[in-house]
Amino acid sequence: MLRSLQIEPEKCTGCLQCEMACSYQAEGVFNPSKSRIKIFTFHDEGRFVPYTCTQCTEAWCLHACPVEAIVINEATGAKEVIDDICVGCKVCTIACPFGTVNYNQETAVVQKCDLCGGDPECAKACPTQAITYVDSDHSGLERMRAHAAQNLPQDNA
Amino acid sequence: MAWTRNVLRVNLTKGSITTEPLNMQWANDYLGQRGLATKYLVEETEPTVDALSPENKMIMTTGPLTGTMVSTAGRYSVVTKSPLTGAIACSNSGGYFGNEMKNAGWDMVILEGKSPKPVYLYIENDKAELIPADDLWGKSAWETDEQIHAKHQDPLVRIAVVGRAAEKGCLFSAIVNDLHRAAGRSGVGTVMASKNLKAVAIRGTLGVGGISDPTKFFQASQDGKKVLAENAVTGEGLPALGTQVLMNVINEVGALPTRNHREVQFEGASKISGEAMLEVRESDGKANLTTNGACFGCTIACQRISTVDKDHFSVKDKPQYHGNSGGLEFENAWSLGSDCGVDDLDAITAANFLCNEDAVDPISLGATIAAAMELFEEGAITVKDTGGMELKFGSAEALLWATEVTVRGEGFGKEIGQGSKRLCEKYGRPELSMTVKGQEFPAYDPRGIQGIGLAYATSNRGACHLRGYTVASEILGIPEKTDPLATDGKPGLVKAFQDATCVVDSAGICAFTTFAWSLEDIAPQIDAACEGDWSVERCLVVGERIWTMERDYNLAAGLTGKDDTLPKRLLKDVAKTGPAEGRANDLHKMLPEYYEVRGWTTDGVPTDETRSRLGL
């Protein structure tokens, strides 16, 4: 069963525990600037929104890569960057419509979410379940349930 | 190691920037942040220095846990001599600034001297420069934040800034970071502005590493988060209602200072409570509270993100206040609300926005406006002084007016900006100032909560709830319930809270963790992150050492045991209503024993034996 990161912005508090967990897993230090998942603060609107790679099936980054440094992990569905092959040309960062592939000036290769090999640290670190790792076929289940509940009689809802 | 072991030293007079290694002997003795920066201040400056002179220094400082995955570990402090109290100042803030400073590679930024012209300090990892800020001088904290972000074209720069109040000499000016988090108390912002330093802007991309024992660290920080999540206050109360969870509770126990401490219960408390912030407004169908938010790394998330009703008189036709921003904490709702007798939630929220916009401590501001209102009602201040404003208790219009002129340093606002002590002295009624060592009280009346009276009287930075929050025990039963109206046992309780808080403030974590965490939870997290053995016992000694060092600084600055007192109103005038009816604060029953448990003389001076026991 494939699983996907499910993001519910209304639950996010902007604590950045996910960014610390991600960067520690990938870099061995707590470094939000190197996190593959980012939290955006919309100050006037009072909203925090987590954003990261959604692991497209037909991944623009993968198709754009001239040296085939981005490969599919069959077990997790993640599109992973092979650091040794990546030449740092950044074409994938242009190809990605969502901006979730980024260049890392320290390592001179690109970085993106790889789902931590199937056990994403961001989801484990999130204290409010704004980021969860769920069955890919049913990532909308909770939202469906919430809407379904609107059919209940008012005093039971 | 957890510390970055690097100190950035900025001499604003010369415009020079140098780096030096952190003194690790001191780090081992004073941990970090509050303790360590105070040690630097003590070693490098004379306690008798004029707080607003170039000879005073100001230190921005993180703790060893700042920037790590320990819950709430994003804190930084500003340590300096206070212009409000003449005592040591140490103000602590959350948001994202502290983490950014640590990520840029600095445990501490020491700011000394005075720049000949307005500047701001820009730090990008190991690069730091002073940039002219003539164009920013005279701007609010919010405008300055926006302009610096625009100038560097980098939304991820984190900025700590002073507003117009500090430039105009308001003695309780704060330093605001991330728009609505503040190193709030004791006028640390006034010191910053006196150095012609408008802002410190930081971008850090180096990461925080060097965790001494990663396996132990992740276990300890996970355990800590679990304790916070399962605790009723940190897991439910604070995320749902913020610190405003306390408004109704403190009112009911008869300890909510009202109308400049004339009374201890406020008839309008429920209208300005955390619960009221959830109620949907009729006018626009929204609640005051939009959502809760977290500071860096915090799994509690007590921040209030709020709006004011767009049609409310306070913000009508002022679109800059129509969006979401930092909402009411209990302290601000109290000082701007019940202490001024104002029960208009929108007005108080708007006044709080103004405090953030120009970086002013809302506790001291509200309490000083309350004193001004009493002076007005007593006829000591008249409409001649205020330029026509009827400064009456309960008037939301007067509150907004007084807030606006003070945060902008205009007219009568300049007098309010001198704080309650100086204001009441000037108008011949010093007894109406509700202060200790010149700093205004926070939101707990010591007639209804006896122990907190001793904590106020002996606090090293003047009246303050965050130097020894005995309310946790006396009202909330944390770690165990004590009778708020009893004085027995309170000296020991105050000492225990004061010493433990020194450790919390020196580690890089938030004081609110202590609703759930004791040192038994905190010490293992410090121990796993830092080299060496950080047991609970060692933490307690470090905490007591820090407290006593601060005391010695204050004594050398000219304060004495005589300053460990409360205003007559709290010692003589009894509470009129509530569970504490008929009671004043019995400080005289607690203070001598407090000196004794501290190992101080009957005059409140640490004995040589005590100093030597603590390695001072």
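This is a predicted model: local features need pLDDT of at least 70, side-chain atom pairs count only at pLDDT 80 or more; totals for chains, interfaces and linings use all residues.
How many salt bridges does the rule find across the interface of chain B and chain A? The count is zero.

**Where the chains meet**

- On the chain B side, 38 residues are in contact with 22 residues of chain A.
- Together, the two chains bury an area of about 2100 Å² between them, and carbon and sulfur atoms give 60% of that area.
- Within chain B, the residues that lose the most area to chain A are B:Met69, B:Tyr96 and B:Asn324, which together make up 23% of what that side buries.
- Although the interface has zero salt bridges, ten residue pairs are in polar contact between chain B and chain A, with both residues at pLDDT 80 or more.
- Three elements of chain B, namely α3 (97–103), α7 (214–230) and β13 (289–293), each supply at least two residues of the side that touches chain A.
- Sorted by class, that side of chain B has 16 nonpolar, 19 polar and three charged residues.

**Aromatic pairs**

- Over all chains, the rule counts 17 aromatic pairs.
- A pair of aromatic rings is described by two things, the distance of the centres and the angle of the planes.
- For A:Phe30 and B:Phe217, the ring centres are 5.9 Å apart and the planes stand at 50°, so this pair is tilted. An angle under 30 degrees would count as stacked and one over 60 as edge-to-face, so 50° falls into the remaining class.
- This pair crosses between chains: A:Phe30 belongs to the loop between α1 (17–27) and β2 (38–42) of chain A, while B:Phe217 is in helix α7 of chain B. Both A:Phe30 and B:Phe217 are buried.
- In the pair of B:Tyr594 and B:Trp600, the centres are 5.7 Å apart and the planes are at 90°, so the pair is edge-to-face. Both B:Tyr594 and B:Trp600 are buried too.
- Ring pairs also link five residues into a cluster: B:Phe330, B:Tyr444, B:Tyr469, B:Phe512 and B:Phe515.

**A look at B:Asn125**

- You can find B:Asn125 in the loop between β7 (119–124) and β8 (127–132) of chain B.
- Is B:Asn125 buried or exposed? The relative accessible area of B:Asn125 is 12%, and buried means under 20%, so B:Asn125 is buried.
- Setting aside neighbours within four places in sequence, B:Asn125 is in contact with B:Asn103, B:Ala104, B:Trp106, B:Arg203, B:Gly204, B:Thr205 and B:Leu206.

Methods. Residues are numbered from 1 along each chain as its sequence is written. Chains are lettered from A and ligands numbered from 1 in the order in which they are written. Side-chain values use heavy atoms; hydrogens and water are left out. Contact means heavy atoms within 4.5 Å. Buried area is the accessible area (1.4 Å probe) that two parts lose on being put together, summed over both. A salt bridge is a side-chain nitrogen of Lys or Arg within 4 Å of a carboxyl oxygen of Asp or Glu. A polar contact is a pair of N or O atoms within 3.5 Å; within protein, one must be able to donate a hydrogen and the other to accept it, and residues adjacent in sequence count only if both atoms are side-chain atoms. Helices (H or I, at least four residues) and strands (E, at least two) are DSSP runs, numbered from the N terminus. Ala, Val, Leu, Ile, Met, Phe, Trp, Tyr, Cys and Pro count as nonpolar, Asp, Glu, Lys and Arg as charged, and the others, Gly among them, as polar. Rings of Phe, Tyr and Trp (its six-membered ring) pair if their centres lie within 6.5 Å; planes under 30 degrees apart count as stacked, over 60 as edge-to-face and the rest as tilted. Buried means under 20% relative accessible area, exposed over 50%, partly exposed in between (1.4 Å probe, protein chains only).
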